Every structure is written in structure tokens, then in C-alpha cells.
Amino acid sequence: MGLGGCIILIAVGAILTFATDWDMQGVNLDLVGIILMIVGLIGVTTFSSIARRRRVMVPPASTTVVETERHQRDGYNGGYGV
């Protein structure tokens with residue numbers, strides 16, 4: 001279950017707890033809503049701790065660039081004339 005599913009559980013639990021006043025025989029909807037909110041909060045904390053562990057900082061690979069320069073001189077060929 002991802003972060004979106006956890007947020008949906010929290011929202012449904014809050015709706016059942018605070019926004020409804022249905023009475024079902026044998027089921028306490030306030031308690032069901034509280035349980036859904038708690039499960040959603042546990043899911044959010046678990047998801048965030050797992051996501052934090054996945055973000056491992058890898059240092060950039062250091063590459064050494066060696067540039068060689070060629071010097072050309074007009075009219076000069078290694079000390080010997082052409």
C-alpha cells in the first residue's frame with residue numbers, strides 16, 4: 001500500500017468518525033473510523049521510513065580529465081628547417 005492508500009484510509013476513517021451519524025446494530029462506526037485512521041497513520045510512518053532509507057546519497061564519481069595540448073609553430077619543425 002502506497003502513500004495514497006494510507007491517506008485514503010485516514011480520510012475514510014475521519015469521515016466515518018466525525019461526519020456520519022449512522023447507527024448499525026453490532027457495529028460501532030466511530031470505532032471503525034478510529035481504527036482506519038490509526039492504520040493509515042501507521043502506514044504513512046512506515047512508508048516514510050522506508051522511503052527515507054531508499055534515498056541513499058551516493059557521492060559523484062570523480063573522473064580525472066587529462067588534456068594534452070599540441071603546440072604548433074608556423075615555420076618551425078622541431079629545430080630543423082623545412
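This is a predicted model: local features need pLDDT of at least 70, side-chain atom pairs count only at pLDDT 80 or more; totals for chains, interfaces and linings use all residues.
**View 1. Helix 1 from end to end.** Helix 1 covers residues 3-19; helices here are DSSP runs of H or I with at least four residues, numbered from the N terminus. Its 17 residues reach 23 Å from first C-alpha to last, close to the 24 Å expected at 1.5 Å a residue (the expected span is 1.5 Å times one less than the number of residues).

View 2. C6, L9, G13, L16 and T17 are the buried ones here. They sit on the same side of helix 1, because they cover an arc of only 95° around the axis (the arc is that of the directions from the helix axis to the C-beta atoms). An α-helix has 3.6 residues a turn, so residues three or four places apart point the same way. Turned away from that buried side, the face carries exposed I8, F18 and A19. Buried means under 20% relative accessible area, exposed over 50%, and partly exposed in between, using a 1.4 Å probe and protein chains only.

**View 3. T17 and G13.** T17 is buried, with a relative accessible area of 14%. Its side chain reaches the backbone oxygen of G13 at 2.8 Å.

**View 4. C6 beside V39.** C6, another helix 1 residue, is buried at a relative accessible area of 1%. The C-alpha atoms of C6 and V39 are separated by 7.7 Å, though the two are 33 residues apart along the chain.

View 5. L3, I7 and F47 make a nonpolar surface patch with about 250 Å² of accessible area together. Patch residues have over 30% relative accessible area and no salt bridge, with nonpolar side chains (Val, Leu, Ile, Met, Phe, Trp, Tyr) joined within 5 Å and like charges within 9 Å; a salt bridge is a side-chain nitrogen of Lys or Arg within 4 Å of a carboxyl oxygen of Asp or Glu. Areas come from the Shrake-Rupley method with a 1.4 Å probe; for residues, only the protein chains shown count as cover. I7 is partly exposed, at 48% relative accessible area. T46 is also partly exposed, at 38%, and its C-alpha is separated by 9.5 Å from that of L3, 43 residues apart along the chain.

Technical notes:
Residues are numbered from 1 along each chain as its sequence is written. Side-chain values use heavy atoms; hydrogens and water are left out. Helices (H or I, at least four residues) and strands (E, at least two) are DSSP runs, numbered from the N terminus. A polar contact is a pair of N or O atoms within 3.5 Å; within protein, one must be able to donate a hydrogen and the other to accept it, and residues adjacent in sequence count only if both atoms are side-chain atoms.
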